[in-house]
Amino acid sequence: MKKLLITGVNGFIGRNAAHYFENEYEVHGMDIAARYCEADDTVRYYQCNMSQNPAELSMIVTNVQPDVILHCAGSANVGASVVNPMADLDGNLHSLYQLLIALQGIAKRPKVIFMSSAAVYGNPKQLPIRETDELAPISPYGLHKLMCERLCHYYNQVHGYRVRAIRIFSAYGIANNNGLRKQIFWDIYQKYQSAGEIKLFGTGNETRDFIHVTDILQAMKCILAYDGPEEVFNVANGEEESIRNLAEIYARELGESADIVSFSGETKAGDPLNWRADISLLKKIGYQKTIDFEEGVRGYVHWVREQEA
């Protein structure tokens, strides 16, 4: 059986990827934190700070000899990157750099998927956003993800690596009872719990291209099976959903009316206005959406209420 190494395996996408691929690969997981224990967890686990312990990282990679690597490790918080850009640089760029260096010590060239972000686009000049459009990040997080993409391209061109970057737009959802415990879906519920209302930043007219974690994993599988030359893929659904619509669907699922939803009009630093991806390339290699947006919101609200029970 081929071996899969997932960095950041304790995180939202990493944990779900371990379940998703467990019947296809021998799964090895690495994370900076202690193991997230699950009764049915068969992941071979390694605790390692990738950016600070390159020798340990190299030893793990050499011992595992992975055929595929999903690099899910790193910071994923735009606001925190504005407050502490150096920590974001360390969590994203430095950890990737150490991984790519470690791979020089093994004979095989594994397929690598790097989790990039639509944040590399910033505020696009036109919609839908194509992979070839201008990259103009408006946050340290987006800038560091772009630097990571450039690093991947360099190692592909100069050292013959097989790294692909996936620009994930707005990930959400719940799978295998693993839900996202941060960002807007989580924040909405925390606001509702504390104040009985949902008051958010912005005007509500801001839009995102949401993609359920199950569909992100399906997209990864399509990319791993694809032998074409492309190095960068938009991972989204090509659909624009307003934040107001999200909040109102959420309120209805909570058994409330849309009257509890309001917006401050204030824009948070680093947040883009409107996103919708061109996913022609992703569709060409076999991707098809399986989770409808309202269905995904409904499933998340059901899960998050159970967490607070």
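Visitor: Tyrosine 97: buried, partly exposed or exposed?
Guide: Tyrosine 97 is partly exposed, with a relative accessible area of 35%. Keep in mind that this is a predicted model.

Visitor: How many aromatic pairs are there in the whole structure?
Guide: The search finds 18 aromatic pairs. One of them joins tyrosine 97 and tyrosine 155: the ring centres are 6.3 Å apart and the planes are at 85°, so the pair is edge-to-face.

Visitor: Where do those two sit in the chain?
Guide: Tyrosine 97 is in helix α4 (residues 85-102) and tyrosine 155 is in helix α5 (residues 140-159).

Visitor: What about phenylalanine 185 and tyrosine 250, what geometry do they have?
Guide: That aromatic pair is tilted, at 6.4 Å centre to centre with 50° between the planes. Phenylalanine 185 belongs to helix α6 (residues 183-195) and tyrosine 250 to helix α8 (residues 243-253), 65 residues apart. Phenylalanine 185 counts as buried at 2% relative accessibility, and tyrosine 250 also counts as buried, at 0%.

Visitor: Which aromatic cluster is Phe185 part of?
Guide: One formed by Tyr172, Phe185, Trp186, Phe210, Tyr250, Phe293, Tyr300 and Trp303.

Visitor: Switching to α10. How many residues, and what span?
Guide: Helix α10 (residues 293-307) has 15 residues and spans 21 Å from first C-alpha to last, close to the 21 Å expected.

Visitor: Which of its residues are buried?
Guide: In α10 the buried ones are Phe293, Gly296, Val297, Tyr300, Val301, Trp303 and Val304. They lie on the same side of α10, because they cover an arc of only 170° around the axis.

Visitor: Why would residues three or four places apart point the same way?
Guide: Because an α-helix has 3.6 residues a turn.

Visitor: What happens at the start of α10?
Guide: A side-chain oxygen of aspartate 292 comes within 3.1 Å of the backbone nitrogen of glutamate 294.

Visitor: Now arginines. Which ring does arginine 208 lie over?
Guide: Arginine 208 sits over the face of tryptophan 275, 5.3 Å from the ring centre.

Visitor: And arginine 15, buried or exposed?
Guide: Arginine 15, in helix α1 (residues 12-20), is buried with a relative accessible area of 13%. Its side chain makes a polar contact of 2.4 Å with the side chain of asparagine 178.

Methods:
Residues numbered from 1 in each chain as written. Predicted model: local features only at pLDDT ≥ 70, side-chain atom pairs only at ≥ 80, totals over all residues. Heavy atoms only, no water. Helix = DSSP H or I, 4+ residues; strand = E, 2+ residues; numbered from the N terminus. Expected span 1.5 Å × (residues − 1). Buried < 20%, exposed > 50% of the residue type's maximum accessible area, 1.4 Å probe, protein only. Arc of directions from axis to C-beta. Polar contact = N/O pair within 3.5 Å; in protein donor to acceptor, adjacent residues only side chain to side chain. Phe/Tyr/Trp six-rings, centres within 6.5 Å; stacked < 30°, edge-to-face > 60°. Lys NZ or Arg CZ within 6 Å of the ring centre and 35° of its normal.
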